[in-house]
Amino acid sequence: MSVLGTITPDPIGVMLNTRMQRFVSPSGIQGLARENGDRVDILAVYNPDGTPGRFRVFIEQAKIEYRTICVWCIENPIAHDALLRYGFTPDVEIDHFGYTQELLRWDRP
């Protein structure tokens with residue numbers, strides 16, 4: 001089973017043609033993401049019951065499944081710092097709408 005688990009279309013993603021989809025992962029993390037081969041772009045994550053360590057498990061599983069993980073729009077400083085500890089580095093890319101955005105990126109060595 002994929003690290004993203006159950007995937008369903010996101011109505012806004014469909015309307016804006018971003019290809020972002022809602023997911024409910026086996027680790028309990030929920031959110032919005034887009035897969036493109038061996039790359040996953042994560043727009044939002046949520047730990048509905050607040051169980052400690054679920055985000056770390058989710059990221060560890062994603063590192064096994066994908067060669068590249070990009071996390072966009074990080075509004076939580078705790079999650080930002082955690083991703084840096086997990087080996088993510090700051091990067092800049094052009095988003096779906098043509099705007100330059102900062103993100104955190106991990107690439108398998």
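Visitor: What covers the buried residues of helix 2?

Guide: The cover includes strand 2, strand 4, strand 5 and helix 3. This is a predicted model: local features need pLDDT of at least 70, side-chain atom pairs count only at pLDDT 80 or more, and totals for chains, interfaces and linings use all residues. Residues are numbered from 1 along each chain as its sequence is written, and side-chain values use heavy atoms, with hydrogens and water left out. Helices (H or I, at least four residues) and strands (E, at least two) are DSSP runs, numbered from the N terminus. Contact means heavy atoms within 4.5 Å.

Visitor: Which residues of helix 2 are buried?

Guide: Phe 55, Phe 58, Ile 59 and Ala 62 are buried in helix 2. Buried means under 20% relative accessible area, exposed over 50%, and partly exposed in between (1.4 Å probe, protein chains only).

Visitor: Where do they sit around the axis?

Guide: On the same side of helix 2, because they cover an arc of only 95° around the axis. The arc is that of the directions from the helix axis to the C-beta atoms.

Visitor: What should the helix span, at 1.5 Å a residue?

Guide: The twelve residues of helix 2 should span 16 Å, and the end C-alpha atoms are 17 Å apart, which agrees. The expected span is 1.5 Å times one less than the number of residues.

Visitor: Switching to rings. How many aromatic pairs are there?

Guide: Two, from a search of the whole structure. Phe 23 and Phe 58 are stacked, at 5.5 Å centre to centre with 5° between the planes. Phe 23 is in strand 2 (residues 21-24) and Phe 58 in helix 2 (residues 54-65), so this pair links distant parts of the chain, 35 residues apart. Rings of Phe, Tyr and Trp (its six-membered ring) pair if their centres lie within 6.5 Å; planes under 30 degrees apart count as stacked, over 60 as edge-to-face and the rest as tilted.

Visitor: Are Phe 23 and Phe 58 buried or exposed?

Guide: Phe 23 counts as buried, at 3% relative accessibility. Phe 58 counts as buried at 1%.

Visitor: And which residues form the tilted pair?

Guide: Phe 55 and Tyr 86, at 6.4 Å centre to centre and 40° between the planes. Phe 55 is in helix 2, and Tyr 86 is in the loop between helix 3 (77-85) and strand 6 (89-94), 31 residues apart. Phe 55 and Tyr 86 are buried.

Visitor: Which residues touch the most other members of the largest nonpolar core?

Guide: Leu 4, Phe 58, Ile 69, Leu 83 and Phe 88, out of 20 residues in that core. Strand 4 (39-46), helix 2, strand 5 (68-72), helix 3 and strand 7 (100-107) each supply at least two residues. Helix 2 gives the largest share, four residues. A nonpolar core is a set of buried Ala, Val, Leu, Ile, Met, Phe, Trp, Tyr and Cys residues joined through side-chain atoms within 4.5 Å.

Visitor: What is Leu 4 in contact with?

Guide: Leaving aside neighbours within four places in sequence, the contacts of Leu 4 include Phe 23, Val 40, Phe 58 and Tyr 66.

Visitor: Cysteines next. How many disulfides?

Guide: The count is zero. A disulfide is a pair of cysteine sulfur atoms within 2.5 Å.

Visitor: What about the phi of Cys 73?

Guide: The phi of Cys 73 is positive, about 55°, although Cys 73 is not a glycine. Most residues other than glycine have a negative phi. Cys 73 is found in the loop between strand 5 and helix 3. Asn 17 also has a positive phi, near 60°. Asn 17 is in the loop between helix 1 (11-16) and strand 2. Asn 17 is exposed, with a relative accessible area of 53%.

Visitor: What does His 96 touch?

Guide: Leu 16, Asn 17 and Thr 18, not counting residues up to four places away in sequence. His 96 lies in the loop between strand 6 and strand 7. His 96 is partly exposed, with a relative accessible area of 41%.

Visitor: Last one. Where does Gln 30 lie?

Guide: In strand 3 (residues 30-36). Gln 30 counts as partly exposed at 29% relative accessibility. The C-alpha atoms of Gln 30 and Pro 48 are separated by 7.4 Å, 18 residues apart along the chain.
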